[in-house]
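Hi everyone, thanks for coming along. I'd like to walk you through one structure today, so please have a look at the screen.

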Amino acid sequence: MLEESREGRGVWNGTGGCLSYNVQIQHNSRLNDVGTNLLMVKNGRIGTASLRDLPFILNKKSTLVLNNAMTLPAMFMGKLAGQKIELRLVSNLNSDFRTFNRWYGILLDGNTDWRTRTEFRTVELNHASSSTIQFSDGCGIKITDQIRKSLWEVTINPSNEHPTALDVIFSHGQFIQYSHLTHELQPWDVQSIVFTIPAALEPPSSHFQLTWQLLSELREKGHNIVYITHGSGVSDLGYPELDHFLPFPELYRVGKDAATMLNESVDTSYQIVAIGTSVTRALEHNFNINQQFNEGIFLATNRLSSKNQAKVVEAMLTGMHLPNTSHYDLMRGFLPDQMVHQSFKYAKANNFRWHEYGDLTLVFNHFKTRKSF
Amino acid sequence: MEFNELDEINKSYGLLDEQNYPKWVREELKNYWQSKHVLITGGSRGLGLFLTKNLLDLGAKVAIVARDPIRLQLVKEQLNSENLLTLNFDIGNKETIHTVASMALSFFEGRVDYLINNASTLGGKELRPLLDTPCEDIEHALNVNVVAPFRLTKLVVPAMLGKGTVVNITSDASVTAYETWGAYSISKAALDHMTRIMAKEFSKFNIEALAFDPGDMRTTLHFNAIPDAEISDLLHPGDVALELIVFLAMEKHDQERYAASCWKKVVKDAVFGTGQVVA
């Protein structure tokens with residue numbers, strides 16, 4: 001059993017798991033040993049720093065934007081026409097963060113569990129529409145429509161025992177687990193220190209390394225901290241025919257105070273530093289509406305890449321991303337392709353730790369000049 | 001000793017009752033508590049129940065956590081308010097505390113004004129000298145009375161950034177060494193000191209942390225501890241709840257821990273003296 005902590009995280013496979021591109025996953029021993037190395041990419045140079053030095057690294061006054069989404073359980077083990085099935089929620093179809101009924105989901109073989117990689121758990125089900133995934137207590141989640149070959153729309157209906165959809169989600173769901181981890185993640189392993197709104201299906205992993213002490217030091221140095229809510233969907237589905245659609249549209253909310261401070265930041269030349277790829281996506285989408293930040297709830301439909309570069313976010317703090325992933329592609333919205341590849345090689349050579357609970361990358365926007373606005 | 005709180009809550013222990021507080025006080029309190037978001041542990045009995053009842057009457061949105069599902073259902077039916085969320089969880093269970101926070105934060109749409117850590121345990125079923133107290137009773141008291149408020153506070157503070165108050169309900173047993181109250185006393189002393197540290201550390205986020213000794217009340221906990229306690233010697237939790245609601249609304253807090261006699265005097269002076277009550 002892992003120790004409880006909002007600062008620490010799960011344990012990597014101690015034998016050193018191996019992902020594609022021969023990147024050895026470095027051993028991340030205990031919860032409080034979450035990665036704090038920082039790969040810095042700025043002005044064409046690549047180097048190493050420590051996250052705790054962030055208040056000093058940001059030598060220009062900055063507005064740091066965090067995601068205050070709380071992670072929801074998204075894995076549901078049940079039966080569909082007598083067959084063991086896992087329903088995994090992958091995208092939010094609700095119009096706000098107060099309702100939790102409608103989702104996109106994928107179905108996985110329930111005879112295996114999260115310890116088996118999802119690409120080995122795919123199932124062929126062509127006639128699941130209008131069926132109900134039953135749980136052991138008689139409760140269920142209805143499959144309402146087939147969107148694509150492996151993508152389903154599902155509806156979570158309250159029951160007498162569970163009067164709200166959120167109640168059903170917490171009563172029957174588990175937090176998404178990762179096959180490269182040896183231990184099951186506990187509730188305290190999947191929440192950031194700043195969560196306030198149940199909204200995300202996967203944790204904002206770039207937030208795991210943040211501490212209240214670091215946030216206080218950033219404030220004391222004159223930097224601003226702003227929160228938005230981004231309901232991140234699932235970043236890897238295991239179904240190749242769906243993965244290339246990622247990221248799906250994602251709901252996000254910008255509060256009035258946040259919008260005001262972001263616009264003031266633009267006006268006063270504070271640099272905007274997005275914590276995480278989700279926040280980056282939301283900020284770029286929001287600003288692109290009318291060249292200013294807007295209060296409200298929106299659906300991020302954009303996808304940053306070398307062809308759609310980041311325009312308002314001047315720096316992004318994110319995890320370590322492997323080639324051929326959507327997050328790696330997003331890095332190309334900040335850096336020329338060659339530099340993205342060089343930073344990957346540098347991190348690999350310097351034993352950075354990958355993925356959730358690993359180290360971080362601070363990438364400064366190579367393309368952005370605010371004068372372009 | 002029988003003391004039926006559910007019968008009592010609709011009697012004279014409402015702020016809307018003219019006999020309790022002057023009209024101008026009630027009006028100011030309504031202005032203050034209207035739309036405030038309050039999370040209360042141990043909300044189905046004693047002080048927690050009367051806080052809930054009165055805060056709902058004043059227009060606050062309240063989420064309460066309690067272990068007993070039947071009791072909680074009775075409270076829900078009796079109070080019958082769409083501004084009330086009842087959460088049937090054991091606050092001492094770390095496996096479900098995140099669910100409690102998630103459900104409450106969803107209900108409050110991400111904003112909490114007050115967290116009132118009121119749920120409490122003696123530790124064991126009866127009071128005993130320390131040397132006769134099982135270690136498990138001490139562990140249980142520390143878990144429910146200290147660690148659980150700590151856990152919940154950690155989860156709720158992000159929703160308070162900029163302005164908020166953590167209220168920890170303590171006891172005079174935290175400062176006076178009563179024989180046989182060991183497990184409870186030790187845990188409340190720890191709660192007091194945790195509150196002091198929270199107060200210092202949270203001040204930079206404009207969040208208050210306060211510990212309140214409510215005084216000896218007619219509560220299940222007290223009757224469990226002293227079955228033959230004389231009811232007339234004990235405060236009515238409804239009275240204490242009203243006073244605490246007034247005191248919190250004053251927002252003039254210069255200590256981290258308030259003894260019962262201290263904060264109640266402030267309330268009485270403000271309400272029945274010449275001072276103004278609320279900010």
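So, at roughly what angle do the axes of helix H5 and helix H6 of chain B cross? Helix H5 (residues 97–107) and helix H6 (residues 135–156) of chain B cross at roughly 40°, and their axes come within 10 Å. Helices here are DSSP runs of H or I with at least four residues, strands are runs of E with at least two, and both are numbered from the N terminus. Axes are lines fitted to C-alpha atoms, for helices over the stretch in contact, and angles run from 0 to 180 degrees between N-to-C directions.

Before I go on, this is a predicted model: local features need pLDDT of at least 70, side-chain atom pairs count only at pLDDT 80 or more, and totals for chains, interfaces and linings use all residues. Residues are numbered from 1 along each chain as its sequence is written, while chains are lettered from A and ligands numbered from 1 in the order in which they are written.

Back to our pair: H5(B) and H6(B) are therefore oblique to each other. For that word, under 35 degrees is roughly parallel, over 145 roughly antiparallel, 65 to 115 roughly perpendicular, and the rest oblique.

Who meets whom? On the H5(B) side we have B:Ile97, B:His98 and B:Ala101, and they meet B:Arg151, B:Leu152, B:Leu155 and B:Val156 in H6(B). Contact means that C-beta atoms, placed from the backbone, lie within 7 Å. By class, that's 5 nonpolar, 1 polar and 1 charged. Ala, Val, Leu, Ile, Met, Phe, Trp, Tyr, Cys and Pro count as nonpolar, Asp, Glu, Lys and Arg as charged, and the others, Gly among them, as polar.

Now over to chain A. An automatic or database assignment sets the domain bounds, giving domain 1 (20–70 + 183–372) and domain 2 (73–174). Their C-alpha centres lie 29 Å apart. Across the boundary, 17 residues of domain 1 of chain A touch 19 residues of domain 2 of chain A. On the domain 1 side, S12(A) gives the most, with 3 residues.

Last stop, the sheet. Chain A has an open, mixed sheet of 9 strands, running S2-S1-S18-S17-S15-S3-S13-S14-S16. Strands pair if DSSP finds at least two bridges between them. At the edges sit S2 (45–50) and S16 (296–300) of chain A, each pairing on one side only. Inside chain A, strand S3 (residues 62–67) and strand S15 (residues 271–275) pair in the parallel sense over 4 bridges. In S15(A), A:Ile272 is the bridge partner of A:Thr63.

Conventions:
Two residues are in contact if their C-beta atoms, placed from the backbone, lie within 7 Å.
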